[in-house]
Amino acid sequence: MEILDKLAVLADAAKYDASCASSGAPKRKAAADGLGSTTGAGICHAYTPDGRCVSLLKILLTNYCLFDCAYCINRRSSNVPRARFTVDEVVALTLGFYKRNMIEGLFLSSGIVRSADHTMEQLMRVAKTLRREHGFAGYIHLKTIPEASPWLIEQAGLWADRLSINLELPTAAGLSRLAPEKSDTTIREAMGHMHARITEARAERRRFSPAGQSTQVIVGADAATDTDILTASDGLYRRFKLNRVYYSAFSPIDHASGLLPPKPPPLAREHRLYQADWLLRHYAFSVDEIASTSADNMLDLDIDPKLAWALKNRGAFPIDVNTAPKEMLLRVPGLGARAVDKIVAARRHTTLRAADVARLTVSFRRAAPFLITLDHRPGALTDRADLRARVAPPKQLSLL
Amino acid sequence: MGVTPVTLGEGADLDGFRRAVRRLIAEARPPDAVVWQTDGTPSLFDGNRGEAGADAPPISLPRAAADLIRLVVCHRDPERYALLYACVWRLLHGEGALLDIASDPLVARLALMEKSVRRDLHKMHAFLRFRRVTDDEDERYVAWFEPEHDILEETADFFVDRFRRMTWSILTPTGSLHWDRETLTVGPPGEKSALPATGAVEAGWSTYYASTFNPARANPSAMLREMPKKYWANMPETNLIPDLLRAAGSRVETLMSNAPAPSRKKDPAKAVARMREDHVRTLADLNAVIAAAEPFVTGGTRAVLGEGPLKPSLAFVGEQPGDQEDVQGRPFVGPAGQILARAMAEAGIDRDACYLTNAVKHFKFEPRGKRRLHKSPTAGEVRHYRWWLDKELDLVAPKLIVALGATAVQALTGKALPIIKTRGPFDFNGRAGFVTVHPSYLLRVPDEAAKREAYAAFVEDLAAAAALARNPTARSA
Ligand code: SF4
């Protein structure tokens with residue numbers, strides 16, 4: 001098979017994995033005879049018409065797979081065309097695209113062929129070849145196979161910026177129904193080992209997956225609720241200090257398994273989960289607080305979870321921009337973490353008016369009913385029955 | 001006092017602005033007494049214009065102000081210099097914390113300008129595409145880009161850091177950058193027509209771009225928000241977008257109407273089961289893995305593997321190979337190994353009947369002139385090697401494991417334990433063991449009498465370990 005044909009097959013096969021970011025790596029520059037750098041923040045080099053960014057060359061090494069996970073296009077019982085790259089082919093593609101500034105690096109995953117170790121070793125060798133033989137200093141993310149021998153993961157961590165292990169389904173029951181060969185226990189143990197290695201390497205200033213570990217959870221392929229999903233994520237953030245949990249709305253795939261629901265979930269659900277996840281990680285919300293605003297443990301699709309929480313807890317508002325503690329400002333709909341930082345810095349020197357706050361956020365209209373400034377009081381507005389209608393965006397036309 | 005006109009070069013004339021500010025501040029000109037203009041001379045070529053003010057004393061500004069100025073001078077707004085000067089004036093006249101007050105109208109406006117420049121930089125980093133000019137070894141690349149602001153020089157470091165070993169040029173309508181792997185040159189405006197044709201890599205990229213698009217999630221407005229059409233001209237993949245979007249609807253319909261496919265493959269339950277077992281099963285397999293692997297410590301030219309028969313009554317675990325071991329590729333051949341051999345003989349242990357290995361498989365050292373100075377592995381490094389040691393001992397299956405020294409104990413238990421207190425019989429997570437000192441310790445005991453004593457104790461330990469291996473139940477006796 002021609003390399004372009006393989007590329008078509010193996011990029012298509014990888015497009016369902018949402019973990020595409022190139023962020024979190026320490027800043028690096030190419031050595032004199034090397035190639036590539038990382039900026040810390042990550043760069044999106046293009047956007048596909050599905051609105052997602054292209055930051056990394058995201059491909060599978062092969063889409064042959066021994067496993068039969070119902071939600072996956074690459075499962076062994078699927079009738080898709082198959083292909084496999086050699087190590088050198090992946091290296092050549094990565095360098096060719098990188099030199100033209102099309103990508104930040106490589107995100108390499110694979111179906112499980114022959115054995116977990118064989119597969120993991122191939123993945124590791126791609127990264128090793130890029131780093132060792134080509135002085136490649138761009139971003140490398142490897143998907144690891146939880147069943148692989150620990151020493152292969154150790155080696156992978158020497159070359160990769162980030163390693164990930166996909167949880168795929170938030171509950172053990174869901175996993176055993178849809179991914180019969182996978183084991184929730186094995187996956188979580190692998191995440192635990194990874195966490196221990198990352199922590200230790202940081203303490204000793206050794207290189208091991210410096211951008212940490214992440215995972216992906218598929219949304220809407222089984223009966224798990226948003227609360228189930230967020231509870232799982234929260235546990236992963238706490239126990240294994242994961243850098244990111246990616247949510248991927250289960251997408252219709254060709255030759256779908258009969259075990260899957262006939263229709264994909266609304267994409268808005270994935271978006272709300274990302275927002276809720278953000279609240280967990282950056283705004284000190286608890287899963288319970290978020291869950292308390294949902295009906296049947298599903299997030300409201302019409303308004304974002306922070307607004308939903310504020311509407312449910314109107315008693316806590318309005319708060320005074322000039323005196324409220326930072327933690328409360330962070331809970332005001334329409335005020336992002338950056339706006340809050342600016343408010344906290346500015347109010348040390350001055351007393352803020354409505355127009356001042358409006359200069360610090362693009363969504364002052366949304367924040368106004370929850371805020372008091374020197375010249376603005378929402379008065380009864382905060383308690384009005386139609387507040388939701390007044391602050392909610394008119395209609396979610398396009399999400400993501 | 002009349003109005004002072006200041007003339008700067010076109011584009012981002014940071015040097016000219018700096019000099020002008022020094023002079024204006026030295027002369028105490030308030031912002032409304034200054035008129036800023038540009039004279040059409042591109043600043044790119046001339047770092048030395050506006051000599052006046054070159055000797056005015058430098059002024060010190062907060063770090064954040066310096067960053068703000070550097071970026072805002074790149075903005076194409078003709079008011080940029082006036083706004084920046086007003087800001088500098090206020091910073092120096094009683095409002096030192098001005099930049100903290102993001103709600104101030106001037107600060108807010110400058111912040112928006114800075115944001116716009118940053119975004120432009122980011123887009124240039126992202127959407128600029130190099131094309132290859134030459135095919136020989138000496139690769140040369142060219143790119144064409146039309147930034148919104150005068151960011152060309154500001155962006156140079158990014159491209160140099162990233163594409164250091166390539167020779168490249170970046171052409172824009174206002175100037176150009178050229179990197180020859182050593183020096184960066186700023187040149188005159190370029191022409192888009194100088195861009196070479198696209199080649200196989202661009203074709204590959206288009207294939208990739210089309211394949212990574214998921215038609216079930218088509219969302220062109222989200223795409224346009226991040227990648228407005230003005231950038232499309234630089235990017236070969238964008239001409240695929242209309243077709244991809246047009247076909248998306250029908251592709252999804254086909255997907256959804258395709259009935260679940262019955263598997264054509266038979267259930268490879270056996271293959272999957274075998275896969276699970278398919279970890280290394282022999283010591284030779286394991287050794288092949290270790291030999292091929294990267295050292296986890298600095299130094300080590302090769303992995304020094306364990307040696308000896310399977311199912312021995314004793315296996316000895318040392319710390320790590322030393323200089324001699326690294327040279328010869330065999331464990332315990334250096335000075336410490338010779339002491340061990342002697343002590344074993346005195347304790348009545350046949351060295352050839354024992355298995356000898358190390359907790360860490362590579363020699364960790366620091367070069368000091370011609371010498372290679374041994375360095376102890378860290379706890380984390382020891383743990384890296386533990387997987388191998390564990391597997392190795394599983395496969396070797398000795399009756400008893402003798403841990404020589406603290407590192408070995410740490411590798412076998414996962415904990416740092418004091419040797420003197422632990423010395424004697426020990427249980428290594430279910431494996432029968434014995435803890436004693438590392439023979440290299442005997443080399444380091446300073447006075448002769450103490451050395452003899454330590455050596456005798458070591459021989460005694462080895463004899464006790466051998467007895468324990470022969471008769472495990474005698475442990476408590
Ligand atoms: S292991 Fe499961 S999820 Fe991974 S490629 Fe194979 S079938 Fe797909």
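How many cavities of 30 Å³ or more does the rule count? The count comes to four, and the views below take in the two largest along with the interface between the chains. This is a predicted model, so to speak: local features need pLDDT of at least 70, side-chain atom pairs count only at pLDDT 80 or more, and totals for chains, interfaces and linings use all residues. Residues are numbered from 1 along each chain as its sequence is written, chains are lettered from A and ligands numbered from 1 in the order in which they are written, and side-chain values use heavy atoms, with hydrogens and water left out.

**View 1. Where chain A meets chain B.** Here 100 residues of chain A are in contact (heavy atoms within 4.5 Å) with 90 residues of chain B. Together the two chains bury about 7900 Å², 58% of it on carbon and sulfur atoms; buried area is the accessible area (1.4 Å probe) that two parts lose on being put together, summed over both. On the chain A side, A:P49, A:R100 and A:W151 lose the most area to chain B, together 11% of what that side buries.

View 2. The rule finds eight salt bridges between chain A and chain B, each a side-chain nitrogen of Lys or Arg within 4 Å of a carboxyl oxygen of Asp or Glu. One of them pairs A:K29 with B:D161, with the closest N and O atoms 4.0 Å apart. Helix α4 of chain A (residues 150-159) gives the largest share of the side that touches chain B, six residues; helices (H or I, at least four residues) and strands (E, at least two) are DSSP runs, numbered from the N terminus.

**View 3. Inside the largest cavity.** A cavity is a set of points on a 1 Å grid over the protein atoms alone where a 1.4 Å probe fits but cannot get out, and lining residues have an atom within 4 Å of a point. This one holds about 600 Å³ of space, a volume being the space filled by probe spheres set on the points. Of its 35 lining residues, A:C72, A:S109, A:N166, A:E168 and A:K182 are the closest to the centre. Strand β3(A) gives the most to the lining, three residues.

**View 4. The second largest cavity, lined from both chains.** About 110 Å³ of space lies in here. Lining residues include A:K15, A:C20, A:D50 and A:R52, along with B:Y208 and B:T212 from chain B. Strands β2 (53-54) and β3 of chain A and helix α6 (200-212) of chain B each give two or more residues.

Definitions and conventions:
1 Å grid on protein atoms, 1.4 Å probe; cavity = no way out; pocket = protein on both sides within 12 Å on 5 of 7 lines; lining within 4 Å.
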